[in-house]
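This report goes through a predicted model.

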Amino acid sequence: MPAKPPPLPLVGSLKLRKTLSAPGLLERVRGCFSEVTEHRKTKPDYPLVDVLMSGLALFSLKDGSLLQFDKQRGDKARRHNLKTLFGIPDAPCDSQMRTVLDGVKPQRLRPVFRAIHQELQRQGILEGYRFLGKYLVSIDGTGIFSSGAISCPDCCIKTHKDGREEYYHQMLAAVLVHPDKNTVLPFFPEAITKQDGSKKNDCEHNASKRLIPQLRQDFPRMEMILLQDALSCNAPHIRLLKSNGYSFIITAKARSGSLLLKTVLDGLANGSTQELAGTTSKKLRCGYRYANDIPLNHANQDVRVNYIDYWEERPDGTTFIYDCVTDIPLTADNVADVVRAGRSRWKVENETFNTLKNLGYNLEHNYGHGKQHLSTVFATLMMLTFLIDQIQEACCQYFQAARTRLQSRTALWEKMRGMFREHLISDWESFYAAIIWGYEHADLTPKGIRSG
């Protein structure tokens, strides 16, 4: 039988954290949005900050389309709640939002991610994410748009064997993770789109050349261990990481006959390769084979790495194998933790991309493509919304209790949308309280939730 959810807290026992709950986070976002350079040359009907906040509200409410968000544009409750909860006095229509956001350069939104992470540092939240003495940052790419008919100058193009052309956008995400935490904290994502002046498609490798130095520029003193897949297990990329002061754990696929594997196997005879055996948390057999300071490959013998070959028995009788290279000196005391850290790379796929695509955020839905940057701007605003939600899930008692009350993210989003459209809500505390205990509860202030 499924475990019973924990009991709900008593009415009035919860407190909103000043800077790490919805009102504080949205206030910080609005402050950063107000600094985004206005690109329109004529006097605008709507301030750019309000258009950006409207896009954020769209994704905060998890509306399935921009048209769905716009349908209630004239409703009293919607207008009221956009003002009281998101600080938007008047929201643009769907076509105006698309037109305005299309001209915003995605890089202009980078400071808001930096500002939020800096606040997490000030509040001591990031200390709980330390592992192996540093912060684990998982990096991977995913698709955000694909079409055979709609395109823009930023689109990459794939030509199929039958001559059909497919237009697509992708993004490279960097996400702060911890092996023991379900919440992840994304940084500003790097768009994988055709770059200005280039006729060639962009790719994940080129995007990483932009993202990795920018991440170091944003957080110069933050000690990070970058977690990446086997595509990054090459000498130029490892040199890039080292030149920017990063540690790394990169999935490796050592081929039979490779210098990497040959050195490790030779080390079994001369003692430079160590072996350990143990059991997993489920009492299944596992083992480690590791070696320090070995050449990456024949062509780049000056690039020295430390290597782990890990195996684990599965309940079905199969064997799971994971191998990686790292710059962390390996010992019998830390090799298991290095493997745990490396395997948490999958959190960028499971806890990030899977959530964004399948649990209400609708990452791959085309909210609007535009002629310049609209697709990327929408994806960036969605990632920012996800960051705000993840912070609330980790830090906000009201959000946590609302999740407990509804038991799933999708149920929570549905409840929030319904209340947003049907009732006049004075503030976020009343909004969450109504979700947790019911808006008709006697202990709620009469002004908190009213019928629309």
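## Helix α10

Helix α10 covers residues 335–343, and its buried residues are Val335, Val338, Val339, Ala341 and Gly342. Viewed down the axis of α10, these buried residues fall within an arc of 160°, so they line one face of the helix. The background is helix geometry: an α-helix has 3.6 residues a turn, so residues three or four places apart point the same way.

Arg340 also belongs to helix α10. With a relative accessibility of 34%, Arg340 counts as partly exposed.

Strand β9 (residues 273–279) and strand β10 (residues 285–295) run antiparallel and are joined by seven bridges. Within this pairing, Glu275 stands opposite Arg289 in β10. The hairpin of β9 and β10 has five residues between the strands, and Lys283 in this hairpin takes a positive phi near 65°.

β10 also pairs with β11 in the antiparallel sense, over eight bridges. Here Ala291 has Tyr307 of β11 opposite. Strand β11 spans residues 304–313 and is mostly covered, with seven of its ten residues buried. On to strand β12 (residues 319–326), β11 is joined by eight bridges, again with the strands running antiparallel. Ile308 stands opposite Cys324 in β12. Five residues separate β11 and β12 in their hairpin, and Gly317 in the turn has a positive phi of about 95°.

## Nonpolar core

The largest nonpolar core consists of 143 residues. Phe33, Leu101, Leu384 and Tyr432 have the most contacts inside this core. Helix α12 (residues 374–395) supplies the largest share, 13 residues.

Which residues does Leu384 touch, leaving aside those up to four places away in sequence? The contacts of Leu384 are Val29, Phe33, Leu56, Val112, Phe113 and Ile116. One of these, Phe33, is itself among the core residues with the most contacts.

## Salt bridges

The structure holds 26 salt bridges. One of them joins Asp389 and Lys62, with the closest N and O atoms 3.0 Å apart. Asp389 lies in helix α12 and Lys62 in the loop between α2 (48–60) and α3 (66–71), so the pair ties together parts that are 327 residues apart in sequence. Asp389 and Lys62 are both buried.

Asp180 forms a salt bridge with Arg340, where the closest N and O atoms are 2.4 Å apart. Asp180 is in the loop between β4 (165–177) and β5 (185–186) and Arg340 is in helix α10, so this pair ties together parts 160 residues apart in sequence. Is Asp180 buried or exposed? Its relative accessibility is 55%, and Asp180 therefore counts as exposed; the cut-off for exposed is over 50%.

A further salt bridge joins the side chains of Arg409 and Glu393, at 3.4 Å from N to O. This pair links distant parts of the chain, with Arg409 in helix α14 (residues 409–422) and Glu393 in helix α12, 16 residues apart. Both Arg409 and Glu393 are buried. Salt bridges that share partners also join Arg28, Glu119 and Arg122 into one network.

## Lys415 in helix α14

Lys415 is located in helix α14. At 36% relative accessibility, Lys415 counts as partly exposed. Not counting residues up to four places away in sequence, Lys415 touches Leu406 and Ile435. Lys415 and Ile435 are 20 residues apart along the chain, and their C-alpha atoms are separated by 7.3 Å.

## Annotated span

An unreviewed UniProt entry places the feature "domain: Transposase IS4-like" at residues 164–385. In the model, the end C-alpha atoms of residues 164–385 lie 35 Å apart. The span is 31% helix and 29% strand.

Methods. Residues are numbered from 1 along each chain as its sequence is written. This is a predicted model: local features need pLDDT of at least 70, side-chain atom pairs count only at pLDDT 80 or more; totals for chains, interfaces and linings use all residues. Side-chain values use heavy atoms; hydrogens and water are left out. Buried means under 20% relative accessible area, exposed over 50%, partly exposed in between (1.4 Å probe, protein chains only). Helices (H or I, at least four residues) and strands (E, at least two) are DSSP runs, numbered from the N terminus. The arc is that of the directions from the helix axis to the C-beta atoms. Two strands pair if DSSP finds at least two bridges between them. A nonpolar core is a set of buried Ala, Val, Leu, Ile, Met, Phe, Trp, Tyr and Cys residues joined through side-chain atoms within 4.5 Å. Contact means heavy atoms within 4.5 Å. A salt bridge is a side-chain nitrogen of Lys or Arg within 4 Å of a carboxyl oxygen of Asp or Glu. UniProt positions are given in the numbering used here, feature names are shortened, and annotations may be inferred rather than shown by experiment.
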